[in-house]
Amino acid sequence: MRQSIAGTEARRLLGGGPVVLVTTAWRGNSNVMPAAYVTPVSFEPPLIGLAVHPTRHTYDMIRHSEEFALNLPSRELLHHCQYLGSVTGREVDKLDLTKLPTFRARHVDAPLLEGCVGYIECGVHDAMTMGDHTLFVGKVLAAQVEQGAFEGTWRLDDPDLKPLHYLGLNYYAQFGERLEARVPKPEEDASEEAGSERREAETEAERREREEEERDRRRREGESGT
Ligand SMILES: Cc1cc2nc3c(=O)[nH]c(=O)nc-3n(C[C@H](O)[C@H](O)[C@H](O)COP(=O)(O)O)c2cc1C
C-alpha cells in the first residue's frame with residue numbers, strides 16, 4: 001500500500017545530503033546562511049552546484065564576490081543552523097550577532113566557521129536560473145576536513161565528527177555507521193558461505209593486502225566518476 005504525496009514534497013524524499021553553511025564576503029561584510037540544495041556536478045574539474053533563491057542576501061553576496069565557502073556543520077551547530085536560516089543578512093549581521101568563531105580561508109575572502117567537520121572553498125564557474133532558484137556552479141579551490149572525521153569517506157565513528165543532514169522543516173539527522181559493501185571478483189564464488197570460509201583461512205597479512213586492493217579499486221572507481 002502506497003500513499004501519494006505532492007510533487008512539491010518529493011524533494012524531502014531526497015533529504016539527507018549534508019547541510020552546509022554558506023559563508024560569503026564582499027567589501028568588508030560577511031554573511032552566512034544554511035543550504036540544503038547542494039550537490040557535486042563534476043569530478044574533473046571538481047564542480048559543486050548550490051541552488052540559492054534570488055531573495056537571499058547570500059545571492060547578492062555571491063553575485064558580487066563570485067566566490068563562496070561551504071562549511072559542513074557538526075551537531076554542535078544544530079540550533080545555529082536553524083537560526084541562521086530564519087534571519088537575513090540584509091537586516092542583521094549574523095556572524096557578529098552569533099559570535100561564531102571564524103578563521104581565514106585559504107583562497108576566498110569568506111570566513112570559515114569553527115565547529116564544522118569539512119570546508120569547501122569555491123569560485124563561481126557558472127550560474128543559471130532553474131525554476132525559482134539560481135544554481136551557482138562553484139569550482140573547488142580548496143577543501144579541508146577536521147582531523148579524524150574523514151578517511152576517503154566520512155568515518156562516522158565519532159558522533160561529534162559527523163556531518164549534519166537536513167530532513168526538512170526543523171528536523172536534522174546524523175548518519176549511523178559506515179557500511180562496507182563487498183563485490184565478488186568474477187572468478188570468485190559469489191556465495192557468502194564460500195567467502196566467509198575463505199576469510200577465516202586468511203592470515204592477517206593477506207587480510208590487509210585484500211583491504212588495500214579494495215581501497216585502490218574504490219579509489220579508481222571514484223576517479224572514473226562512479
Ligand atoms: C536547513 C536549511 C536549509 C536551507 N537551504 C536553502 C537552500 O538550499 N537554498 C536557499 O536559497 N535557501 C535555503 N534555506 C533558506 C535560507 O537559509 C534562509 O532564507 C536564510 O535566512 C537566507 O539568509 P540570507 O538572506 O542572509 O542569505 C535553507 C534554510 C534552512 C534552515
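Trainee: Which helices and strands each supply at least two residues of the shell around the ligand?
Mentor: In this predicted model, the elements that each supply at least two residues are the strands β2 (29-35) and β4 (47-52), together with the helices α2 (57-65) and α3 (78-84).

Trainee: Which one gives the most?
Mentor: That is β2, with four residues in the shell around the ligand.

Trainee: How many residues surround the ligand, and which are the closest?
Mentor: The ligand is surrounded by 23 residues. The closest are Tyr-37, Thr-58, Gly-85, Thr-88 and Gly-89.

Trainee: How does the shell divide into nonpolar, polar and charged residues?
Mentor: Eleven residues of the shell are nonpolar, ten are polar and two are charged.

Trainee: Back to α2, please. Which of its residues are buried?
Mentor: The buried residues of α2 are His-57, Thr-58, Met-61 and Ile-62. They lie on the same side of α2, because they cover an arc of only 130 degrees around the axis.

Trainee: What covers the buried residues of α2?
Mentor: The cover includes the strands β1 (20-26), β2, β4, β5 (67-73), β8 (116-130) and β9 (133-145).

Trainee: And what follows α2?
Mentor: Glu-66 follows α2, and the phi of Glu-66 is positive, near 60 degrees.

Trainee: Turning to the open sheet, what is the order of its strands?
Mentor: The seven strands run in the order β2-β1-β5-β8-β9-β4-β3, and their pairing is antiparallel. At the edges are β2 and β3 (38-42), each of which pairs on one side only. From one strand to the next, the twist averages 35 degrees.

Trainee: Where does α2 pack?
Mentor: The helix α2 packs on the sheet, where it touches β1, β2, β4, β5, β8 and β9. The direction of α2 makes about 55 degrees with that of β1.

Trainee: How many bridges join β1 to β2?
Mentor: Seven bridges join these two antiparallel strands. Within the pair, Leu-21 stands opposite Pro-34 in β2.

Trainee: Finally, how many helices and strands does the protein chain have?
Mentor: The protein chain has six helices and 13 strands. Of its 226 residues, 25% are buried.

Technical notes: Residues numbered from 1 in each chain as written. Predicted model: local features only at pLDDT ≥ 70, side-chain atom pairs only at ≥ 80, totals over all residues. Near = placed C-beta within 6 Å. Nonpolar A, V, L, I, M, F, W, Y, C, P; charged D, E, K, R; others polar. Buried ≥ 20, exposed ≤ 12 C-beta atoms within 10 Å, placed from the backbone. Arc of directions from axis to C-beta. Contact = placed C-beta atoms within 7 Å. Pairing = 2+ DSSP bridges. Axes fitted to C-alpha atoms, helices over the stretch in contact; angles between N-to-C directions.
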